[in-house]
Amino acid sequence: MKTPSKFKRRPATALVAMANSLSMGDDVPEDELSQIINAVVLNRAERAALLAAIRASNDPDSGLAVADLLTAFATEAAEAEAQARDADQVIGQWAQRLAAGALLASFGAAIAGTLSGGLAFGLTLLSFSGFVFATASRIGGRVKMRRRAQERESADSLARHVLEAGKLKPDGK
């Protein structure tokens, strides 16, 4: 059973309609445009539907407008990917420092607990939790960077396909 779409129409045809609206000087909500481009870029069926919608469009320049929107989306995704990579690098350095400090603190707590005859197990776990937090934040950042890289590459390749499809004549040759 097909799940209902959150869009009023197919995202591929909505993208072509928005590109045509933008080329006529109309305002288009930027957040909706980003959601629609993201829906088209990440779905193979929508990618194919986009190429078909461009070929069926009455405006011969709609392919150029869509390719420009996809290229702009890819550029934004590349910038977001670079920012995430920079943040991951900074978080990674601090995570290493935090993990090393947590390990030293847990060793110190264990030694102090052993020498004093008390139980230092709670302090050891508490100091070791920093290491777990640092590792979890690094994994989350990596997943986000990988997703943004996939979006960028997909948008770039789709923009190239749209431009190539625009070079074909209406009879497909």
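Where is the place of Asn43? Asn43 sits in the loop between helix 2 (30–41) and helix 3 (44–56), where helices (H or I, at least four residues) and strands (E, at least two) are DSSP runs, numbered from the N terminus. The structure is a predicted model, in which local features need pLDDT of at least 70, side-chain atom pairs count only at pLDDT 80 or more, and totals for chains, interfaces and linings use all residues. Residues are numbered from 1 along each chain as its sequence is written, and side-chain values use heavy atoms, with hydrogens and water left out.

Asn43 counts as partly exposed, at 33% relative accessibility. Buried means under 20% relative accessible area, exposed over 50%, and partly exposed in between (1.4 Å probe, protein chains only). From C-alpha to C-alpha, Asn43 and Ala12 are 9.9 Å apart in space, and 31 residues separate them in sequence.

The secondary structure of the protein chain consists of five helices and zero strands. Along the sequence this gives the pattern α-α-α-α-α. The protein chain has 173 residues, of which 32% count as buried. Its accessible surface comes to about 11400 Å², and 60% of this belongs to carbon and sulfur atoms; accessible areas come from the Shrake-Rupley method with a 1.4 Å probe, and for residues only the protein chains shown count as cover. Among contacts (heavy atoms within 4.5 Å) in the protein chain with a separation of 6 or more, 78% are between residues 24 or more positions apart.

In soluble globular proteins, nonpolar side chains tend to be buried together. A nonpolar core is a set of buried Ala, Val, Leu, Ile, Met, Phe, Trp, Tyr and Cys residues joined through side-chain atoms within 4.5 Å. In this model the largest nonpolar core has 27 residues, and those with the most contacts inside it are Leu15, Ile37, Leu50, Val66, Leu70 and Val162. Two or more residues of this core come from each of helix 1 (11–23), helix 2, helix 3, helix 4 and helix 5 (121–167). Helix 4 gives the most to this core, with seven residues. When residues up to four places away in sequence are not counted, Val66 touches Leu15, Val16, Ala19, Leu50, Ile54 and Val162.

Nonpolar side chains also occur on the surface. Leu103, Leu104, Phe107 and Ile111 form a nonpolar patch there, and together they have about 420 Å² of accessible area. Patches are made of residues with over 30% relative accessible area and no salt bridge; like charges are joined within 9 Å, and nonpolar side chains (Val, Leu, Ile, Met, Phe, Trp, Tyr) within 5 Å. Leu103 belongs to helix 4 (residues 62–116) and is partly exposed, with a relative accessible area of 32%.

Side chains of opposite charge can pair when their charged atoms come close. A salt bridge is a side-chain nitrogen of Lys or Arg within 4 Å of a carboxyl oxygen of Asp or Glu. A search of the whole structure finds four salt bridges. In one of them, Glu46 pairs with Arg10, and the closest N and O atoms are 3.0 Å apart. This pair links distant parts of the chain, 36 residues apart, since Glu46 is in helix 3 and Arg10 in the segment before helix 1. Glu46 is buried, at a relative accessible area of 8%, whereas Arg10 is partly exposed at 38%.

Arg152 and Glu81 form a salt bridge through their side chains (2.7 Å, N to O). Arg152 lies in helix 5 and Glu81 in helix 4, so the pair ties together parts that are 71 residues apart in sequence. Glu81 counts as buried, at 6% relative accessibility. A further salt bridge joins the side chains of Arg147 and Glu151 (3.5 Å, N to O). Both of these residues lie in helix 5, four residues apart, about one turn of the helix. Arg147 is partly exposed at 40% relative accessibility, while Glu151 is buried, with a relative accessible area of 9%. Salt bridges that share partners join Glu81, Arg152 and Glu153 into one network.

Two serine positions complete the description. Ser57 lies in the loop between helix 3 and helix 4. Apart from neighbours within four places in sequence, Ser57 is in contact with Val16, Asn20 and Ser62. Ser154, in helix 5, is buried, with a relative accessible area of 14%. Not counting residues up to four places away in sequence, Ser154 touches Val41 and Arg47.
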